[in-house]
Structure formats: C-alpha cells, structure tokens
Amino acid sequence: MSVSQHWEKEKYEKNARFVSDYGKELIEWLNPKKDEYILDLGCGDGVLTKEISKYGCKVLGLDGSQKFVEATRKLGVDAIQGDAQNMNFENEFDAIFSNAALHWMTNPDKVLEGVAKALKKGGRFVVEMGCKGNVEKIENAMFEVAKRHNFKAVKCWFFPTEKEETALLNKYGLKVKRMTSFSRPTLLPTGIKGWLQTFSAPAFVNIPKEMHEKLIDEIAEKVEKELEKNENGQIIADYVRLRFEAVKK
C-alpha cells in the first residue's frame, strides 16, 4: 500500500481518528476466533490490529508506511512494511481484514490475486472500503482546482460498485457471502482542510509541494459551500461505504 508512505502519522491521528473508530463495527463481521492467524491489510497505525489481537488470535499488520508499521509494533502487535499489490504469502491466513484501505490500491486485480493466494481454503476476506460516490464532491473539487492552475491531479482512489467488486472477487475464486453499500455522512473533526492535509498528497504527487497549501485552501473554500454542516457548522463529508465478506472457494 505504497500511497500511505505519503501520509504523516501525526496528521492521521489528529485528522482521521474516525477511520478506526468506524472500523470497530467491521471487527464484528470478522468475528475473530482464538488461535486464528489474521492479516490486517493496510493496518494504518495499528489501533484495529490491536483490537483484533484481543480475541486471542495471532495478527500480522501490513502497511506501506514504515511509520505506521512502527506505530503498530509499539502497540505490541507484529507488523511489516509491504505493498498489498505485491504480496507473497501462500495459504497462510484464516482471515484477511481490511478497513478503509483497499480503495487506495489502484490495481485491485493484483491485490485480490495476492489475497486469494494468501488465504487458506475456506478463509474469509472481510473489508470496508469506499464505494462508488464516496467523497465525490471533494474529489471533483480536487481535480477542478488543480486543472484551474494547469496541474493534473492523479486518480488515487478505486471506488467500485457492488457489482464491480463482486465480479473482481469471483475472478479470483472469492465467493461473496454478504455485501452491503450505504451512505455514511461523516463529520470531519478538524474540517475539510485537515482532511485534505491528511488524504490529498497522493493525488498531488505530480504537483510542486509549495502549491499544495494553496490548492487545499481553494478546494476547501469550494467544498465548504457544497457539503452539509451540522448545527455547530462542522463539515459533514459525503462518504459512501462498501462492506463485504467473501470466502476462498
């Protein structure tokens, strides 16, 4: 998951703690069993990896960011740096868990090929990721503002429909057991600027760094007029989620 190398652990903790907070519900879908071996794919700073380990199973975190790997290890959980689009595990895991990470992996075929190979027969793949329409207003504003300055933003997210994801899973011998997509308006605790400072770097990889703050200011100004706000005037982002459990045939 190489894009996470662009992320800064401190900004993530400050601006994106809601990511792991929402992910706790996904652990119920995973239903970890004692003595299972589970891979947390795109483990981030390891907060959910640690939660999974409390069920008495062995857990391995994998992330592209060495800082996130170190943060996970500090929580007492084993973690390694690696690219989810180039995994070399074989019939190792009883389950693979991934929260809010798969949509950063823009070669889904390589990811699912690796997942299918890494799982034991009958092993489960439990995921929540962005669905088609996720942060659409924010993404559109990012591309529009970059273009206005004659820069080209990079398409850094993969937000599939249920149908698209099901077809991909089937292609690699992963049978969908259950799948749901839903709108989840999400309060951004540090506002749209905090969100952009945390998540926009991969989209701006071809844009001079000295321009990033200027672009973020303009994107924030545009998006603040378009997104809903709560009674305190805080921004609510247009999140749409895809959640599923698939099993290796």
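A salt bridge here is a side-chain nitrogen of Lys or Arg within 4 Å of a carboxyl oxygen of Asp or Glu. The model is predicted, so local features need pLDDT of at least 70 and side-chain atom pairs count only at pLDDT 80 or more, while totals for chains, interfaces and linings use all residues. Residues are numbered from 1 along each chain as its sequence is written, and side-chain values use heavy atoms, with hydrogens and water left out.

**Stop 1**

Select Glu 128 and Arg 184. Their side chains form a salt bridge, 3.1 Å from N to O. Glu 128 belongs to strand β5 (residues 119–130), and Arg 184 sits in the loop between β6 (174–183) and β7; the two are 56 residues apart. Helices (H or I, at least four residues) and strands (E, at least two) are DSSP runs, numbered from the N terminus. Are these two residues buried or exposed? Both Glu 128 and Arg 184 are buried. Buried means under 20% relative accessible area, exposed over 50%, and partly exposed in between (1.4 Å probe, protein chains only).

**Stop 1: another pair**

Now select Glu 51 and Lys 54. They form a salt bridge with the closest N and O atoms 3.0 Å apart. Glu 51 is partly exposed at 26% relative accessible area, and Lys 54 is exposed at 58%. The structure holds 19 salt bridges.

**Stop 2: the open sheet**

Select β7, β8 and β9. They make an open sheet of three strands in the order β7-β9-β8, with antiparallel pairing. β7 (186–187) and β8 (228–229) are the edge strands, each with a single partner, so one side of each has no neighbour in the sheet. Two strands pair if DSSP finds at least two bridges between them. Two bridges join β8 to β9 (residues 235–237). Zoom in on Glu 228: Ile 236 of β9 stands opposite.

**Stop 3: α8 against α9**

Select helix α8 (residues 191–199) and helix α9 (residues 209–226). How do their axes cross? They come within 9 Å and cross at roughly 135 degrees. Axes are lines fitted to C-alpha atoms, for helices over the stretch in contact, and angles run from 0 to 180 degrees between N-to-C directions. That makes α8 oblique to α9. Angles under 35 degrees count as roughly parallel, over 145 as roughly antiparallel, 65 to 115 as roughly perpendicular and the rest as oblique.

Contact means heavy atoms within 4.5 Å. On the α8 side, Ile 192, Lys 193, Leu 196 and Gln 197 make the contact. Residues of α9 in the contact include Ile 216, Asp 217 and Ala 220. Pick out Lys 193 and Asp 217: they form a salt bridge, with the closest N and O atoms 2.7 Å apart. Lys 193 is in α8 and Asp 217 in α9, so the pair ties together parts 24 residues apart in sequence. Lys 193 is partly exposed at 34%; Asp 217 is also partly exposed, at 37%. Next, click Gly 194 in α8. Gly 194 is buried, at 5% relative accessibility.

**Stop 4**

Finish with Glu 144, Arg 148, Lys 214, Glu 218, Lys 222 and Glu 226, which are linked in a network of salt bridges.
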